[in-house]
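Okay, thanks everyone for coming.

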Amino acid sequence: MARVYNFSAGPAVLPEEVLRQCADEMLDYAGCGMSVMEMSHRSSVFQKIIDDAEADLRDLMGIPENYKVIFVQGGDSLLFSTVFMNLAANGKADYVITGNWAKKAFQEAQILGDAVAVASSADRNFSYIPDCSDLPIREDASYLYICENNTIYGTKFGELPNTKGHVLVADQSSMFLSEPVDVTRYGLIHAGVQKNVGPAGVQIVIVREDLVPDDLPGVPTMLRLKTQIGAGSLYNTPNCWGIYVCGKVFKWIEKNGGLAAMGERNAEKAALLYDFLDESDLFSSTVEPRDRSLMNVPFVTGDKELDAEFVAEAAKAGLVNLKGHRSVGGMRASIYNAMPREGVEALVGFMKDFELAHR
Ligand code: PMP
């Protein structure tokens, strides 16, 4: 069996230990004689799986009791609408546009009501995070929305915006559980798990209880946060398997030191790559140093053919999924929690050799 170093932006690398546990339990989970994929979501066995997953996530992130946690489906792409329908009480919300995903969230809000972009970094192809210390947030906007880590452009908010007393909503998909966060600073956090936490098909929503409306006339049942909150994420059939794998990853993170340890390891891994990019004559980072993501690292040679050659040669060396997103071009290395330091060292070593050979 040959495992590669997988730099995919998502679905992405998972901890090998977790994959092995899942394999071991595939035919018989905990003496049930069946796989988690085959069991009822109404069974006591699955109830324990989802209860444990939520409890472990709460421990990891230090989620206060007045925040609700739900596991849902439909993609973050659906949550863009759900968030607006539930939290924009008066139909008004403001957005910071830092890339494709923030833009998509904004566009959904525009379909549904009155959404305004109060800052954007589109002028330099989203290569930085705009100054958010004094945004023209509308007095009556229900919330300020950010995409905290921009998967495609490789930027991250180093500090959270000054919301001027407004509720902050963040898409944390590509940084979820990669470092400690202070949940109390947010009204709502949403994240797809397919980057740092599990297989595609599960999104986690963490929302302050008092922001969840009881009554939402005209909003379909499945788009009301209250529905899944009230049903413990079991209003309808959830992605049982996905939630089970997330639970295993939560335990893996805890065993490996929790979010503080993840944050330190991730900072070290990212520094290996950024330090090399900053000293290289061939490769360069596309992102302002101050705003660089620890998770998604785009880089270019400046020559499209050479970029393509690099991606192909790297794949032959077992370093896969390094092709950049079409909006940035070049390469992108996603180095989530489960990417071992050795993977980043192998990548940097390969880049050094490639540079020597192409001088
Ligand atoms: N937000 C971010 C930050 C993303 O990276 C992505 C895509 N991976 C999405 C939202 C959209 O997620 P989905 O494809 O699950 O709708």
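So, look at Thr151: an N or O atom in its side chain is 2.5 Å from an oxygen atom of the ligand. Before I go on, please keep in mind that this is a predicted model. Trp101 also comes in with its side chain, where an N or O atom sits 3.3 Å from an oxygen atom of the ligand. Asp76 does it another way, with a backbone N or O atom that lies 3.2 Å from a ligand oxygen. How much of the ligand does the protein cover? On its own the ligand has 400 Å² of accessible area, and the protein covers 84% of that.

Who else is around it? The ligand is surrounded by Gly75, Asp76, Ser77 and Phe80, then Trp101, Cys147, Asn149 and Thr151, and finally Asp171, Ser173, Gln194 and Lys195. As for the site itself, the ligand takes up the space of the largest pocket.

Okay, let's zoom out to the whole chain. We have 9 helices and 14 strands here. The radius of gyration is 21 Å, and the globule rule gives 21 Å for 359 residues, so the chain is as compact as a globular protein of that length.

As a reminder, most peptide bonds are trans, and most residues other than glycine have a negative phi. Now go to the peptide bond from Gly10 to Pro11: that one is cis, with omega near -10°. You'll find Pro11 in the loop that runs between strand S1 (5–6) and helix H1 (16–24).

The other one is Leu177. What is its phi? Positive, about 65°, even though Leu177 is not a glycine. Leu177 is in a loop as well, between strand S8 (167–171) and strand S9 (188–192).

That's what I have, so over to you for questions.

Methods
Residues numbered from 1 in each chain as written. Predicted model: local features only at pLDDT ≥ 70, side-chain atom pairs only at ≥ 80, totals over all residues. Heavy atoms only, no water. Near = heavy atom within 4 Å. Polar contact = N/O pair within 3.5 Å; in protein donor to acceptor, adjacent residues only side chain to side chain. Areas by Shrake-Rupley, 256 points an atom, 1.4 Å probe, with all protein chains shown as cover. 1 Å grid on protein atoms, 1.4 Å probe; cavity = no way out; pocket = protein on both sides within 12 Å on 5 of 7 lines; lining within 4 Å. Sits in = over half its atoms within 2 Å of the grid points. Helix = DSSP H or I, 4+ residues; strand = E, 2+ residues; numbered from the N terminus. Rg over C-alpha atoms; globule rule 2.2 N^0.38 Å.
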